[in-house]
Amino acid sequence: MPWFRNFIHLVKQSPPQRKPAALMAHSPPSLTQLLRHFSSSSSQIHSNHPGSRPTKGDEKPRVVVLGTGWAGCRLMKDIDTNIYDIVCISPRNHMVFTPLLASTCVGTLEFRSVAEPIGRIQPAISREPGSYFFLANCMGVDFQNHQVHCQTVTEGVDTLEPWNFKVAYDKLVIASGAEASTFGIKGAREHATFLREVYHAQEIRRKLLLNLMLSDVPGVTEEEKRRLLHCVVVGGGPTGVEFSGELSDFIKKDVHQRYSHVKDYIHVTLVEANEILSSFDDRLRVYAIKQLTKSGVNFVRGIVKDVQPEKIILSDGTDIPYGVLVWSTGVGPSSFVNGLEVPKAGGRIGIDEWLRVPSVQDVFAIGDCSGFLESTGKSVLPALAQVAERQGKYLAKVLNDVGKSGGGRANGATALDLGDPFVYKHLGSMATIGRYKALVDLRQSKEAKGVSMAGFSSFFIWRSAYLTRVISWRNRFYVFINWLTTLVFGRDISRI
Ligand SMILES: Cc1cc2nc3c(=O)[nH]c(=O)nc-3n(C[C@H](O)[C@H](O)[C@H](O)COP(=O)(O)OP(=O)(O)OC[C@H]3O[C@@H](n4cnc5c(N)ncnc54)[C@H](O)[C@@H]3O)c2cc1C
């Protein structure tokens, strides 16, 4: 799978080790240096690129999409490429099927099952002369001149320095998501691993495997063995609970069989400041706590105050040593969204009922990065894939209709009727808790009445629902085969 190897390489987060300036003076010139040499401004270099210069009358109008998450990918899948060219700008070239990400950390699923390359979701991006994918971060938007300012992602490519370029848009869709929030807790970003990207899951799997191996080597003290094999999860939302469930399943079945020398040392602790699964029905929460406790998960109620390389410290002074620390305490706005000079709704980009950013022309915002403005009378929607996906689908239809009515160009749709506003109906929440059990809460809200169930039947619903939601048939096949082989042969985390 060359594309998969490439994107794993490209998404590595740690910045590349740069050569000291003195050494670089004697190195061959980099591409960036050459480009700079031939142009006074790096942004001019790209101004004639067919995917970045302003579109001309004989070309299709251009929709620029920021982000390859649930919202952006659903939108791009449905955009009519006979009407528009699409330029997608994102620091990753694939979509992550986040609900199944926790399963990849312990080998229940393979990484490729939860990642879908953008070229498969919208083939026009790699085929059409005016459609492109640019591996870059959007750094800012010049709303006045209909341009986005971007910086390439060159991490992992030692010979290239990142460079800046601009892309002109007719319509701009901001779907850049949110960032993991740490509430500013000291040391959390440095020492904890998040669970949002495929490389995070790889990192967790690598640490888990390494610690299992190290704890079996002669010379490791009892205390160190316990620390290495203590998996601490901070955050008792669905992601933290699902990950704890997957881990305890892995320990019960696989560690007991394959790493039996250290089976009595490995433990999972879930730390939560309030209640776990607070958005779920109370009966389901009680059931989840009971089941997870039975599986060996230790619950600690507390507020993390400090994260150190080998332990976390709670506000009551308790120390919790860890070998693997997974941080999952919700999301907050990214620095890119914070920097945009548009009205916000709870820190998210303020939108109207048609998902437009009303203060500027031709700009829309969908998914976790956006929220309804107070003036719409609608409350800010939860940061969920089901919201993001449906907004992407709705907006693709709006843009296609606008394009068909001849309003696809910049400033071309000011007087057009956009049709029905976006309406969100919550379909319910699901979470797996391990041991072939899951929670399904089909109520519209925490206060509403409705069906909520737990157990094996819910687990079956959970699996079927996600099997049908995985984007491509290819990935559905991978997920199905992975689940089947896990059932028959157990997990395999030895392949990273
Ligand atoms: C482990 C996990 C499990 C989850 N499970 C569920 C679930 O079961 N059900 C559910 O409904 N929701 C679930 N969610 C939440 C769901 O994944 C998010 O709500 C959803 O991903 C939001 O989609 P999005 O497109 O807005 O953002 P994202 O999917 O986060 O995508 C954002 C995209 O923007 C890109 N980007 C970021 N900054 C920039 C920039 N400056 N310029 C350009 N591109 C940028 C990112 O690289 C990414 O491609 C889960 C989340 C996680 C992490």
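I looked up the pairing of β14 with strand β15 (residues 311–314) and found an antiparallel arrangement over three bridges. The model is a predicted one. Across this pairing, I noted D306 opposite I313 in β15.

I then traced the sheet to which these strands belong. I recorded an open sheet of three strands, in the order β14-β15-β16 and with antiparallel pairing. β14 (304–307) and β16 (319–321) each have a single partner strand and stand at the edges, so one side of each lacks a neighbour in the sheet.

Next I turned to strand β1. Is β1 mostly covered or uncovered? I found that strand β1 (residues 62–66) is mostly covered, with five of its five residues buried. I checked the side-chain directions as well: R62, V64 and L66 point one way from β1, whereas V63 and V65 point the other way, and all are buried.

Which strands does β1 pair with? I found five bridges that join β1 to strand β2 (residues 85–90), and the two run parallel. Within β2, I identified D85 as the bridge partner of R62. I found four bridges that join β1 to strand β8 (residues 171–174), again in parallel. Within β8, I identified K171 as the bridge partner of V63.

Finally, I followed the chain between β1 and β2. I recorded that β1, helix α5 (residues 70–78) and β2 form a β-α-β unit, which is right-handed.

How values were computed:
Residues are numbered from 1 along each chain as its sequence is written. This is a predicted model: local features need pLDDT of at least 70, side-chain atom pairs count only at pLDDT 80 or more; totals for chains, interfaces and linings use all residues. A residue is buried if 20 or more other C-beta atoms lie within 10 Å of its own, exposed if 12 or fewer, and partly exposed in between; C-beta atoms are placed from the backbone. Two strands pair if DSSP finds at least two bridges between them. A crossover is right-handed if, with the strands pointing away from the viewer, the path from the first strand over the helix to the second runs clockwise.
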